[in-house]
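Let us take a walk through a protein model together, one stop after another. Please have the sequence and the 3D view ready.

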Amino acid sequence: MLFNLKKFIGALLMPLPALMLLMGLALLLLWFTRWQRSGKTILTLSWLFLLLFSLQPVADRLLRPIESEYRTYRGNDPVDFIVVLGGGYTYNPDWAPSSNLIGNSLPRVTEGVRLYLAHPGAKMVFTGARGANTLSNAATAARVAESLGVPAQDIVILDRPLDTEQEAGQVAALVGAQPFILVTSANHMPRAMRFFVAKGLHPIPAPANQLAIASPLNIWDRIMPSSMFLGHSERAWYETLGSLWQRLKGAGETGAD
């Protein structure tokens with residue numbers, strides 16, 4: 001119940017739902033009350049922030065500092081485990097396996113497979129509980145890895161964790177004090193590292209799914225509002241809120257539960 005409540009409140013605080021609610025409030029004020037100036041102010045500011053968050057220069061400027069904390073892993077450290085954290089997913093057996101991984105999940109799995117091929121003998125560990133689907137997040141990601149050539153005997157499924165903190169606890173029971181490669185989205189990596197280090201673990205960060213664009217873009221891509229760049233702003237805001245909550249709980253401090 002608390003997990004679902006946390007997710008619901010977090011979803012409401014994302015830029016698009018929050019700004020749509022403010023716009024709805026503004027319309028109510030304009031249509032049904034005498035508070036015309038307040039309604040106009042709220043509507044104007046909501047529209048302006050929605051526009052700004054949908055522009056590439058703004059969105060990627062918000063996201064880039066988070067993603068740039070860890071670089072793409074290109075090392076050859078000997079490891080026994082490559083841990084790939086769960087993300088968005090669904091499960092439809094009629095779809096191609098990779099189509100069941102939504103948003104950030106597929107790049108995490110493909111980066112994990114790349115690292116698996118570079119580390120013969122390692123085990124791939126997938127995490128994530130079952131939501132409204134018949135398969136767990138971890139099992140769905142594992143099927144994608146198998147479809148890409150990873151043998152089933154080299155896959156470990158941890159299908160109980162609901163969030164990153166629980167994932168760290170489950171991985172701790174599996175890998176102990178030995179170093180391992182940790183794969184998650186670049187924007188999620190700083191918060192994930194704090195959770196795992198707090199459990200006394202020794203993760204080697206391997207960020208995937210980098211989103212903030214630093215390479216040249218066409219001018220129309222930079223000046224036109226886009227749902228893709230609004231998504232970048234949402235990721236920056238989501239991770240900022242998550243880090244604030246993590247620090248309030250003390251979960252990012254070494255030795256915390």
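Predicted model: local features only at pLDDT ≥ 70, side-chain atom pairs only at ≥ 80, totals over all residues.

Two packed helices are described by the angle between their axes and the distance between the axes. For helix α2 (residues 15–32) and helix α3 (residues 36–53), the angle is about 155° and the axes are 8 Å apart. Angles over 145 degrees count as roughly antiparallel, and that makes α2 roughly antiparallel to α3. The crossing of α2 past α3 is left-handed. On the α2 side, the contact is made by Pro15, Leu16, Leu19, Leu22, Met23, Leu25, Ala26, Leu29 and Leu30. From α3 come several partners, including Ile42, Leu43, Trp47, Phe49, Leu50 and Phe53. Sorted by type, the residues of this contact are 15 nonpolar, four polar and one charged.

Now turn to a second pair, helix α4 (residues 56–67) and α10. Here the packing angle is about 35°, and the axes are again 8 Å apart. The crossing of α4 and α10 is left-handed. α4 contributes Gln56, Ala59, Asp60, Leu62, Leu63 and Ile66 to the contact, while α10 contributes Phe229, His232, Ser233, Arg235, Ala236, Glu239 and Thr240. This contact divides into six nonpolar, four polar and three charged residues.

The next stop is the salt bridges. How many are there in the model? The count comes to five. One of them joins the side chains of arginine 114 and glutamate 111, with 2.6 Å from N to O. Both residues belong to helix α5 (residues 105–118), where they sit three residues apart, about one turn of the helix. Arginine 114 is partly exposed, with a relative accessible area of 35%, whereas glutamate 111 counts as buried at 12%.

Another salt bridge connects lysine 249 with glutamate 165, and their closest N and O atoms are 3.0 Å apart. Lysine 249 lies in helix α10 (residues 227–249) and glutamate 165 in helix α7 (residues 164–175), so this pair ties together parts that are 84 residues apart in sequence. Lysine 249 counts as partly exposed, at 47% relative accessibility, and glutamate 165 counts as buried, at 17%.

A further salt bridge brings together the side chains of arginine 191 and glutamate 239, at 2.8 Å from N to O. This pair also links distant parts of the chain, with arginine 191 in helix α8 (residues 189–198) and glutamate 239 in helix α10, 48 residues apart. Are these two residues buried or exposed? Both arginine 191 and glutamate 239 are buried. They also take part in a network of salt bridges that links Arg191, Arg235 and Glu239.

Arginine 191 leads us to the last stop, helix α8. This helix is mostly covered, with nine of its 10 residues buried. Among the buried ones are Met189, Pro190, Met193, Phe195 and Phe196, along with Arg191 and Arg194. What covers them? The cover includes α4, α7 and α10, together with the strands β4 (180–185) and β5 (203–208). After α8 comes glycine 200, whose phi is positive, near 80°.

Conventions: Residues numbered from 1 in each chain as written. Heavy atoms only, no water. Axes fitted to C-alpha atoms, helices over the stretch in contact; angles between N-to-C directions. Helix = DSSP H or I, 4+ residues; strand = E, 2+ residues; numbered from the N terminus. Parallel < 35°, antiparallel > 145°, perpendicular 65-115°, else oblique. Left-handed = near helix turned anticlockwise from the far one by under 90°. Contact = heavy atoms within 4.5 Å. Nonpolar A, V, L, I, M, F, W, Y, C, P; charged D, E, K, R; others polar. Salt bridge = Lys/Arg side-chain N within 4 Å of Asp/Glu carboxyl O. Buried < 20%, exposed > 50% of the residue type's maximum accessible area, 1.4 Å probe, protein only.
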